[in-house]
Amino acid sequence: MSSTKYILGATLAAATIGSSLVGCGSESQGPLDGVDSIVFLQRPTRNDGMGDIFQYTSYTPGARLVKLSPPTADGELTVLCCDQDPEYADLDISGYDLSFDASESTGQVVFSGRRAQDEAFGLFLLRLEDGSLEQLPTNPNRNYVQPVFLPGDKIFFMTSAVVEEGAPQHQDEYERGVTLQTGVINVDGTNEVLGPRNLSHRIHPTVMSDGKILLTQWDHLGEMNAGHLITMAPDMTNMREAFGKEGTGVTNSYLKAREIQPGRFIAIGTSRDRTLQSGALLDIRLGADDGNGGFTRDMSEANASYRILTPDVPRGREPSSMSVGRYYDASPLPTGRGEYPALLVSWADGPVESGTLEAAGLTANFGVYLYDSATQSRRPIYDDPAMWDIFPRPLVSRDAPPEIDGAGKHQFNPEAGLIGSMDVYRSSLDTFAPGSIYGVRVIEGFSVEEGIPDDFGTSEHEGAAVLGVAPVYADGSWAALIPANVPVHVQPVDVYGLSQRNEPVWFSAAHGESRFCGGCHESRTETTIIQPGITQAVAAGPADLLSSVPRFSRASDTFTRDATVGVPWDQALQQVFDAKCVSCHNGTPGAANPSWTLTDPETGASFTWTFDLRGTEVSYGIGDEMFSGYSASHLSLMGPDMVDLEDSGLVVDGEMKIYVEPGNARDSELIRKLNPVRQFPTQDLGDRAFDTAEFPPHAAAVGAELTADEYYLLILMADNGGQFYSRENAPGAP
Amino acid sequence: MSNTKRISTVLAAAACTLLLVGTATAGRGGSAARIQNAINTRSSDAIIAELERAERLICDACIAPVMELLDDDRYEVREAAAWWFARRPVMKRQLAERSVADLAGDDSRLARNAADVLGTFRHPDAIEALAAASSRTDLSGEARAHAVRALGRIGHADANGALAAAMSDADAAVRYEALAAWLDIRRQDGAAPVVALIDDADVRVRAKAAAVAGELREASARVALEAQLASDPDPSVRRNAAWALGRIGDRASRDALEAARSDASSLVRTTARAAISQLR
């Protein structure tokens, strides 16, 4: 079917096009040689509901999949889907993928679509031979989006469905959306399997030439809050960081990555919000040139590098300029894999930024272009101003990657995940003195979906439940069985229970999955041969860290060293403060209770706070803006957020200390002042964590010595993140 | 440190442990001006983004404009504004009290917005007020529907009674929200109240009832679902029924699912085929 075409007029980009990018009517199409057709998605234009890179529920009827043959300005546009079936008349389509054998007259398209009658996006298959359609049998209550074909007649997808039966899906307390996680289903609709979860979203998977999956993971743990690239096996095990951290990054988020050569990807780099999920084009290499047409040598996050292919395009959220615009996505071409590749892109001109567009009564106008990264110029191919013309792909068959195995299975408990390290002292993050690590603490993460009132306290950290501490053996190994499909992060701890390092990334293990690392964030440039069976930890048997305890039962009954799971501030800590601290630290100004004052220099309004460890509910703030509502002890120890105070332009007068550094008990003023006692393997009040000459134990000195369990509670509070709420005191706990 | 200084000086002295370089932070860089500018654009994405950036900003000048957003005509904007106040527990408590009063009033628009606020706050203390509002026929159907939705957002099993009652509401939108909310209750056990809606007059309600019964594997829904699969005029409903029967997995559904393999709709056939493979 042919339809009206909207060809871009003369543009600066077109005027500067290089000679290799010849327009229609030429004998050679340059980078498009061998490409008889391209496929792309047309979605009705929209602004809202697309600003945040994680949003996936935007629905506007009228989308269609089209083919342009030849892929030139005067090519014929044919609707592939879904005019052929009236049941799809009000369809919106959010993403699609072509099967490996897709060509002009064979193969399949899998797409995520939603009809007006449905409440969520589902997965659909389109057969190119005859245009027939079918819907895959996914959960109609949940969204299924961003599908990609896997070898072996499978489809990988992202979904809001929950792998853990009966548990709510994670909802990031900051972004608040129901998170997307991973899943796989057979092309015939059978055997849907959902993957182990991250605490925040995972989006935009793509299949790598080696058979692995690359996708964007939102890492949100304390102050960490960014979308990084990770890899995993097609069975959703073996998750590993790929790009964006360890100093490799160039902006906040990386998404819609597509492999152009083995180990080399073109991705969008952008701010998290206000950019309509579009940004600059980045050329990312996960390793060094392997001399064999790829970038797979020493492939690791530490060795990853990037090149910005569109240097003028903002990588933040500011409005883009005229003729600069932003890119929605990019696709490699069969012949365009040089140092400066030609790409099939979707691009919109002008200020591609939610607020600017809405204020002007405009929408972004994404059209299809051929981008020459050597000359940084675009050749227009197709643009319908009423539609977002996005995700252009050459309609050519491609080699299917190999079917690869996932993580090995362990034999200890098929329902649990097995995690551990070969040698915890091997670390690229820190140098740990031999014998300094007693064990590895494993902390489960959860968010507001468990009945927390949209805030965990004055901390940025989300819900925490300590599953336990797995001992480190003489060979540096540790191993633990944990509940499957639950996001956890780990902390190597010393004999005082103090974290030596806070691994700032959530990971999880599937039922029966064995997730062993070489070390503790070991050097990614070294070859690591994982043979956990030879470690002392495995030989002795992994520590069982609540692996069989149901989610809602993973909570503290008492607050001893070994029984503490969550640290509810009002139930656990306040008892300690009331019994041991408040006789002195009670809000009465003086040496024991320093004061500070906040002043708004513009209005002169001020607020004075005096240190107070009582459980009285208090607030702080200026004018009508009153914060906290938590206890005096919470505010005194956690303090106002310093960055927010700076943003507020307030002036502080007096002694304002940050007594607890969330996620870091060791460097917290409170913990140093108390100088906690030995916890492992046995508790010993006579052995202190810090030099007693420099840090005389305060509680003992004033005759209010804490028990070893009480010291440990305070350490857990700080190392967990200083939350007020936990599973134990969640107001909405079932 | 006892002298007057700007916060930035304090910051410089404070230990800052970003454990890895290259991190990006949440909730930073907000200001009253940025919020107001975003409001001026009318873009809900921009407004939400700026509210998130001002997550914990001490900002007296922000109060009035964000308070107005609680009455915005867009749900997502009201939700974000309520979330912003949820970060400020003292104000949250005041707002919760005001919202409970609005729910008890006779202004349906205020009641709708109040329900959204209470749903965002997620505190089970609001269940009683929301439950009462959800059954008040003097309020608009929209207000009742939002009260029901808020019960789902709170997600506490104490709301089950009110949700079951709302499934009998005369307004289909309320019944639909009650079904959705039923699924949002943590540790929800079964879907018996849902079964009666499988042959509801409203097509969206029927489709949702089937989907909820399936997700919760409500065995008592089997016969009704089989009938729905065989005869419902809407393909989405039949498709959901097939999916639900697969989830329930009773081999007695085989004949119904086999017949559905040749359903006229492409929406149904693959689901029926896959559901057969799930029968025990």
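Which residue is the bridge partner of Ala330(A) in S21(A)? In this predicted model, where local features need pLDDT of at least 70, side-chain atom pairs count only at pLDDT 80 or more, and totals for chains, interfaces and linings use all residues, the partner turns out to be Val345(A). Residues are numbered from 1 along each chain as its sequence is written, while chains are lettered from A and ligands numbered from 1 in the order in which they are written.

That pair belongs to S20(A) and strand S21 (residues 342–348) of chain A, which run antiparallel and are joined by six bridges. Strands here are DSSP runs (E, at least two residues), as helices are (H or I, at least four), numbered from the N terminus; two strands count as paired if DSSP finds at least two bridges between them.

A second open sheet of four strands goes S4-S5-S6-S7 (chain A), and its pairing is antiparallel. Strand S4 (92–98) and S7 of chain A are the edge strands with a single partner strand each, so one side of each has no neighbour in the sheet. Neighbouring strands in this sheet are turned by 25 degrees against each other on average, direction ignored.

Five of the six residues of strand S6 (residues 122–127) of chain A are buried, so to speak mostly covered; buried means 20 or more other C-beta atoms within 10 Å of a residue's own, exposed means 12 or fewer, and partly exposed is in between, with C-beta atoms placed from the backbone. On one side, strand S5 (residues 108–114) of chain A runs antiparallel to S6(A), held by six bridges. Gln108(A) has Arg127(A) as its bridge partner in S6(A), and Gly113(A) stands opposite Gly122(A). S6(A) also pairs with strand S7 (residues 133–135) of chain A through three antiparallel bridges, where Leu126(A) faces Leu133(A). S6(A) and S7(A) make a hairpin with five residues between them, and Gly131(A) in the turn has a positive phi of about 75 degrees.

Strand S8 (residues 144–150) of chain A is largely enclosed by the rest of the structure, because seven of its seven residues are buried.

On the domain level, chain A splits into domain 1 (12–394), domain 2 (416–566) and domain 3 (570–720), with bounds from an automatic or database domain assignment. The C-alpha centres of domain 2 and domain 3 of chain A are 27 Å apart. Their contact takes 21 residues from domain 2 of chain A and 26 residues from domain 3 of chain A, contact meaning C-beta atoms, placed from the backbone, within 7 Å.

Notes:
Two residues are in contact if their C-beta atoms, placed from the backbone, lie within 7 Å. Axes are lines fitted to C-alpha atoms, for helices over the stretch in contact, and angles run from 0 to 180 degrees between N-to-C directions.
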